[in-house]
Amino acid sequence: MSMGNMRALVGLGLGTPLLVLTLLGMMLIPLPPLALDLLFTFNIALSLVVLLVSVYALRPLDFAVFPTLLLVATLLRLALNVASTRLVLLNGHTGPGAAGDVIEAFGSFVIGGNYAVGLVVFVILMIINFAVVTKGAGRVSEVNARFTLDAMPGKQMAIDADLSAGVITQQQAQARREEVRQESDFYGAMDGASKFVRGDAIAGVLILLINILGGIAIGMGQHGMNAGDAMRVFSLLTIGDGLVA
């Protein structure tokens, strides 16, 4: 599909539905390891770009698309989690490279030759992500949304007072009212997006448990792996999958 056709689809309002359908297809259709590597690499690059833009944005409205982008990135992460879980459970018995080179590289880096220590470090990282980062970000978004919405009447009254005093023109007053409305919409959307991300964190923990427990059971029950090999392979794949997603 050419760039012109893609722009036409986006202009018709079909960009978001097609993106959602693509993510659903990733959950239902088995992906080869190479495609999974490319998608994980894109996901990491997208996360870095969003982080840098968020850090250097001077005002919230400079990155007003952030709540929507956060939801799309979360859906992408969930789709990649489901796709990688399918590969881990289906092909994990073949070795650490069953779900692609990216997952194997991340898992090997954290484990560092000692599976027990690597698993403990990974659990600590998951606790920090869920109990500190996710809950803290959700609380910050909730408080910001509450204070912004509470301050809206005062801001509107200040705009009306400046307009009555002749400090600003009618056009400037309309622009400031629109900015106040957009700011309230932004913080309201961020409050909702933070709850979505919190649910994603819980789903991620459950998927990791399914990966390691289900993988060990399938490896030993269906493929005749001994307990040590099954624990070693599926621990590496689970840790790599959890980190890269």
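Select Ser235 and look around it: leaving out residues up to four places away in sequence, Ser235 touches Tyr115, Ile212 and Ala230 (contact means heavy atoms within 4.5 Å). You are looking at a predicted model, in which local features need pLDDT of at least 70 and side-chain atom pairs count only at pLDDT 80 or more, while totals for chains, interfaces and linings use all residues. Residues are numbered from 1 along each chain as its sequence is written, and side-chain values use heavy atoms, with hydrogens and water left out.

**Stop 1: along helix H8**

Ser235 sits in helix H8 (helices are DSSP runs of H or I with at least four residues, and strands are E runs of at least two, numbered from the N terminus). Is Ser235 buried or exposed? At 3% relative accessibility, Ser235 is buried (buried is under 20% relative accessible area, exposed over 50%, and partly exposed in between, with a 1.4 Å probe and protein chains only).

Now select Thr238, which is also found in helix H8. Thr238 counts as buried, at 4% relative accessibility. Its contacts, not counting residues up to four places away in sequence, are Phe122, Leu208, Asn211 and Ile212.

**Stop 2: the nonpolar cores**

Next, show Met26, Leu36, Phe40, Ile103, Phe234 and Leu237. Of the 22 residues in the largest nonpolar core, these six touch the most other members (such a core is a set of buried Ala, Val, Leu, Ile, Met, Phe, Trp, Tyr and Cys residues joined through side-chain atoms within 4.5 Å). Colour the helices that give two or more residues to this core: H2 (15-28), H3 (33-56), H4 (66-91), H5 (101-111), H7 (170-222) and H8 (227-244). Which helix gives the largest share? That is H4, with 6 residues.

Centre the view on Ile103. Leaving aside neighbours within four places in sequence, Ile103 is in contact with Leu36, Phe40, Ser84, Leu237, Gly240, Asp241 and Val244. A second, separate core has 8 residues, among them Val50, Leu61, Phe66 and Ala145.

**Stop 3: the aromatic pair**

The structure holds 1 aromatic pair, and Phe63 and Phe66 form it as a tilted pair, 5.4 Å centre to centre with 40 degrees between the planes. Rings of Phe, Tyr and Trp (its six-membered ring) pair if their centres lie within 6.5 Å; planes under 30 degrees apart count as stacked, over 60 as edge-to-face and the rest as tilted. Phe63 is buried at 13% relative accessibility, and Phe66 is buried at 17%.

**Stop 4: the salt bridges**

How many salt bridges does the structure hold? There are 6 (each is a side-chain nitrogen of Lys or Arg within 4 Å of a carboxyl oxygen of Asp or Glu).

Begin with Asp229 and Arg232, whose closest N and O atoms are 3.9 Å apart. Both lie in helix H8, 3 residues apart, about one turn of the helix. Asp229 is partly exposed at 33%, and Arg232 is partly exposed at 33%.

The side chain of Arg59 meets that of Asp62 at 3.4 Å, N to O. Arg59 is partly exposed at 40% relative accessible area, and Asp62 is partly exposed at 43%. Arg59 also meets Glu179, at 2.9 Å, N to O. Glu179 lies in helix H7 and Arg59 in the loop between H3 and H4, so this pair ties together parts that are 120 residues apart in sequence. Glu179 counts as partly exposed, at 34% relative accessibility.

**Stop 5: zooming out**

Colour by domain. The domain assignment gives domain 1 (34-98) and domain 2 (112-155) (bounds come from an automatic or database domain assignment). Taken over C-alpha atoms, the centres of domain 1 and domain 2 are 17 Å apart.

Finally, colour by pLDDT (the predictor's confidence in each residue, from 0 to 100). The protein averages 79, and 93% of the residues score at least 70. Confidence is highest in H3, at a mean of 88, and lowest in helix H1 (residues 3-11), at 51. Where pLDDT is low, the predicted coordinates should not be read in detail.
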